[in-house]
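I opened the coordinates and kept a running notebook. These are my entries, in the order I looked things up.

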Amino acid sequence: GINAEYMGIQLKMIILIAEAISDGNVANFFFGYLGIAFALVLANLGSAYGTAQSGCGVCAMGVQRPDLIIKSVVPVVMAGILGIYGLIISVIINQKIGGYTKDNYFPKLGFSHLSAGLCNGFSSLAAGLAIGLVGDAGVRANAQQEQVFVGMLLTLIFAEALGLYGLIVAIIISQQHSYFYLSNSVITPVSYTHLTLPTSDLVQISVVAVSLKK
């Protein structure tokens with residue numbers, strides 16, 4: 001019945017993915033778009049956990065000290081920023097992939113975009129876990145002793161920095177370009193649109209490529 005149909009759908013999906021990976025050029029796009037998914041989904045998971053955990057603390061604290069609710073929303077805001085990190089990297093990688101075709105989108109680019117998504121996603125996930133735990137305990141303690149707020153805020157800043165580190169590294173990795181494709185000792189220019197060299201250097205490179213082909 002339903003289980004048989006579900007298993008059939010899973011099998012078809014596995015076959016489609018296997019066929020896509022068997023084609024090297026298509027597999028490169030598979031890894032690139034997988035990086036987009038990891039960047040956004042993992043960052044949103046961290047943001048959701050941090051927001052939910054901190055929100056529970058705010059609700060519990062607000063019953064006794066409603067005057068501190070606005071101040072206690074800080075960890076919720078910081079957790080929400082993590083989702084923006086994932087959105088930024090996803091948009092950047094998507095724009096990078098859109099500028100290539102399957103003829104010049106090489107494995108180096110696919111793997112770099114995948115690693116960029118993983119760097120940002122897991123960093124934001126770790127930051128969300130830290131913000132959620134610290135935010136929950138911090139706002140509860142702040143309701144009893146307001147001097148705890150400064151220490152909680154510093155801890156949240158360092159936890160947020162984890163996601164920022166991942167964002168910076170992901171941006172750097174996503175800027176990778178594949179200038180040349182080396183195959184059987186033949187250097188073939190991929191696309192002059194990705195080169196920022198002077199015209200004279202491009203002419204020299206073309207001459208070298210022609211000589212190597214001969």
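My entries start with the ground rules and the overall layout, then go helix by helix.

**Ground rules**

I am working on a predicted model, where local features need pLDDT of at least 70, side-chain atom pairs count only at pLDDT 80 or more, and totals for chains, interfaces and linings use all residues. Residues are numbered from 1 along each chain as its sequence is written, and side-chain values use heavy atoms, with hydrogens and water left out.

**Overall layout**

I counted elements first. The chain has 7 helices and 2 strands. I take both from DSSP runs, numbered from the N terminus: H or I with at least four residues for helices, E with at least two for strands. In sequence order the pattern reads α-α-α-α-α-α-β-β-α.

Next I checked burial. I call a residue buried under 20% relative accessible area, exposed over 50%, and partly exposed in between (1.4 Å probe, protein chains only). On that scale, 35% of the 214 residues are buried.

**Core**

Which residues have the most contacts inside the largest nonpolar core? They are Ile89, Ile93, Ile97, Tyr105 and Ile131, in a core of 25 residues. Helices α2 (24–64), α4 (74–98), α5 (107–144) and α6 (148–174) each supply at least two of its residues. I define such a core as buried Ala, Val, Leu, Ile, Met, Phe, Trp, Tyr and Cys residues joined through side-chain atoms within 4.5 Å.

I followed up Tyr105. Leaving out residues up to four places away in sequence, Tyr105 touches Asn28, Phe29, Gly32, Ile97, Tyr100, Gly110 and His113.

**Helix α4 and its partners**

I checked the length of α4. Its 25 residues reach 37 Å from first C-alpha to last, close to the expected 36 Å at 1.5 Å a residue. The expected span is 1.5 Å times one less than the number of residues. Buried residues of α4 include Leu82, Tyr85, Ile89, Ile93 and Ile97.

How do α4 and α5 pack, and how far apart are their axes? The angle is about 175 degrees and the axes are 8 Å apart. That makes the pair roughly antiparallel. Among the contact residues are Leu82, Tyr85 and Ile89 of α4, with Asn120, Ser124 and Ile131 of α5.

Under 35 degrees counts as roughly parallel, over 145 as roughly antiparallel, 65 to 115 as roughly perpendicular, and the rest as oblique.

I then turned to α4 and α6. They pack at about 0 degrees, with axes 10 Å apart. That makes α4 roughly parallel to α6. The contact includes Met78, Leu82 and Tyr85 of α4, and Leu156, Glu160 and Gly163 of α6.

**Helix α6**

The 27 residues of α6 should span 39 Å at 1.5 Å a residue; the end C-alpha atoms are 40 Å apart, which agrees. Its buried residues include Phe149, Glu160, Gly163 and Ser174. The cover over the buried residues of α6 includes α3 (69–72), α4 and α5.

**Single residues**

Is Ser124 buried or exposed? Ser124 sits in α5 and is buried, at 0% relative accessible area. Beyond its neighbours within four places in sequence, Ser124 contacts Ala43, Gly46, Leu82, Tyr85 and Gly163.

Gly121 is also in α5. Gly121 is buried, again at 0%. With residues up to four places away left out, Gly121 touches Phe38, Ala39, Leu42 and Ala43. From Gly121 to Ala37 I find 84 residues in sequence and 9.0 Å in space, C-alpha to C-alpha.

Val41 belongs to α2. Val41 is partly exposed, at 47%. Val41 and Leu87 are 46 residues apart in sequence, with 9.3 Å between their C-alpha atoms.

Asp103 is in the loop between α4 and α5. At 59% relative accessibility, Asp103 counts as exposed. Asp103 and Val26 are 77 residues apart in sequence and 9.5 Å apart, C-alpha to C-alpha.

Technical notes
Contact = heavy atoms within 4.5 Å. Axes fitted to C-alpha atoms, helices over the stretch in contact; angles between N-to-C directions.
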